[in-house]
Amino acid sequence: MSSIFFIVLRRMRAPLIVLIVIYAVSVLGLTLVPGVDANGQPAPPLSFFHAFYFISYTATTIGFGEIPNAFSDAQRLWVTVCIYLTVIGWSYSIVTLLALFQDKAFQSVLVVGRFARRVRHLHEPFYLVCGCGETGALVCRTLDELNIRFVVVEAREERVQELDLEDFKTDVPALAADAQAPKVLQMAGLLHPKCLGVLALTNDDNVNLAIAISTRLLNPGLTVLARAENPMTAANMASFGTHHIINPFERFADYLGLALEAPHTIRLLEWVTGLPGRQMPPMHRPPSGAWVVCGHGRFSRPVVRELAEHDLQVTVITPEAMDAIAPPLRNVIGLGVRAETLCEAGVAEAVGLVAGTDNDVNNLSIAVTAKAMNPDLFVVLRQNRITNASLFEAYGAQFTMVPSRIIAHESMAMIITPLLARFLDGVRGRDDDWAAACCARMEAQFGDEMPQVWSVRIDDQEAPALTAHLKDGGAELSITTRGFELNNECLDALPLMLVGSDRVSLSLFPAGNMPLHCGDELLFAGRGRARDSQRTLLSNANILAYLLTGRERPGGWIWQEYGKKLD
């Protein structure tokens, strides 16, 4: 508000001075020019009060007549001069005011002030999303679907304007500013008591690093998730204690390596990290044999490393010769879009192809050319822009890598359900046969739809009714998925993990007869209204008692006392 007031005063200084001078001269003239009385005889000039009163309603074009008496000709002549002067003064002031409203600096101050007020008045928990490109937009849409508030800081003004066209359920505070500036982060709610965490999702690693460092220094208690495509930047973030660091290219290489040795494990990871409500993609089963990789940049390097670690023969096509290449790697110099280059790389005898350049059209061209030479190829495509999704879907590669989707999936899984990270670590430590059995359970429960994943801690805050019951008695895990509506059918939810109150012991896909204790943490996957129904039964003592005993418990004090006497 102080900035707005300062700009208005600075830009309107000259018009205000002109108006004040015109009013002062007009009032002073009326106090000097003699008038006439009701009989037409000479009378003294107007007093300062009457003169100011008359000029006030005359200069503003209201008009109220000549008071307290009819004016003399000299007074009317002076009033005529005053009218033209005030019209000129007001016209000058209005034109200047209109120019002020169109001034970029003034509009920027208004936008910033409005944004800061909206953030200050947030009374619900929210996340601060820095960067709203393809990745940030996916995250924002998912947060909105889960009824979680968020604040957006984006460097591009046109992208912020596009957010107003999005069909969000709530009004989203968004600001076009440099998110690496600490002052901007504080204005966006970094120190707000309702802020749950910060998501640094810009396309610039240095900006994400600055955001992560500022958050750790200004508000160390907040959860920080950052995108980093450079290993050195990721190491720097880790040294500052960034909670979650996502490198989409390294993460995809890990997925590809996991798919080579444990396809059901990667399938299970997709079940629990996908965006709720989306359809599960086909199962990935990359074959063993010779592979051809086009490109050797940020994406291709970790993919080549992963393939080589699995003792696969890899031929890398690059425009220039690679440094220090050794078997089983082979380098072919050329462009992957040319058929002769692919032929020299051995595409006709290969089992897999990775089109990993930073150009979507080139990647599709490489895939189409190679597929014509070897229809049995397992094709891995890199999709750089999500706007080209229809082209990649029409081609139908076996494995498509979309950086924005990988980051969005990982981000939502980590920030919404922190317990999920421990579950993922546990899944990676199990064999593929165990993962296959778990995938069968997930498919039987949810079909091809990705479920929502959430966690519950048995304490007075998240499960007050169950906590109170466990202090006096016992209960099994199955009680958390029992329904109390529609003929008491079970909730459409599946327990994924139970972590004991000691934070050490855990059980993956626990059995329904496992006993519960105060302080336990549970991880669930479900869909529909399962989460809301579970929250109700864990909080409502009457519903919980009905599920445990089969009898409805009296609600009021009188009926409770009457029930005790009957017992």
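Mentor: Start at Val198: its bridge partner is Val224, in S7. The model is predicted, with local features needing pLDDT of at least 70 and side-chain atom pairs pLDDT 80 or more, while totals for chains, interfaces and linings use all residues. Numbering runs from 1 along each chain as its sequence is written, and side-chain values use heavy atoms, without hydrogens or water.

Now widen the view to the two strands. Strand S6 covers residues 195–200, and strand S7 covers residues 223–227. They pair in the parallel sense over four bridges. Strands here are DSSP runs (E, at least two residues), helices likewise (H or I, at least four), numbered from the N terminus. Two strands count as paired if DSSP finds at least two bridges between them.

S6 and S7 belong to an open sheet of six strands. Read across, the order is S5-S4-S3-S6-S7-S8, and the pairing is parallel. The edges are strand S5 (174–176) and strand S8 (244–246). Each has a single partner strand, so one side of each has no neighbour in the sheet. From one strand to the next, the twist averages 15°. Angles run from 0 to 180 degrees between N-to-C directions, on axes fitted to C-alpha atoms (for helices, over the stretch in contact).

Next, the other open sheet of six strands. Its order is S11-S10-S9-S12-S13-S14, and its pairing is parallel. Strand S11 (329–333) and S14 are the edge strands, each pairing on one side only. Neighbouring strands of this sheet are turned by 15° against each other on average, ignoring direction. Look at the S11 end. Strand S10 (residues 314–318) pairs with S11 in the parallel sense over five bridges. Thr315 stands opposite Arg330 in S11.

H17 gives the most, with five residues. A pocket is found on a 1 Å grid over the protein atoms alone: an open set of points where a 1.4 Å probe fits, with protein on both sides within 12 Å along at least five of seven lines; lining residues have an atom within 4 Å of a point. This one has a volume of about 940 Å³. Volume is the space filled by probe spheres set on the points, with points joined across faces, edges and corners. The lining has 31 residues, and those closest to the centre are Pro281, Thr400, Val402, Arg405 and His409. By class, 17 lining residues are nonpolar, nine polar and five charged. Ala, Val, Leu, Ile, Met, Phe, Trp, Tyr, Cys and Pro count as nonpolar, Asp, Glu, Lys and Arg as charged, and the others, including Gly, as polar.

Follow H17 to the largest pocket. About 1,300 Å³ of space lies there. It is lined by 41 residues, and Ile416, Trp454, Ser455, Arg531 and Arg535 are the closest to the centre. Helix H17 (403–416), strand S15 (452–457), strand S18 (521–526) and H21 each give two or more residues to this lining. The classes are 16 nonpolar, 12 polar and 13 charged.

A salt bridge is a side-chain nitrogen of Lys or Arg within 4 Å of a carboxyl oxygen of Asp or Glu. Arg535 and Asp532 lie in helix H21 (residues 530–539), three residues apart, about one turn of the helix. Arg535 has a relative accessible area of 42%, and Asp532 has 43%. Those values count as partly exposed (buried is under 20%, exposed over 50%, with a 1.4 Å probe and protein chains only).

Asp425 and Arg428 form another bridge, at 3.8 Å. They sit three residues apart in helix H18 (residues 420–428), about one helical turn. Asp425 is exposed at 52%, while Arg428 is partly exposed at 40%. Arg338 and Glu340 meet at 2.6 Å, N to O. Arg338 is partly exposed at 45%, as is Glu340 at 44%. The structure holds 20 salt bridges.
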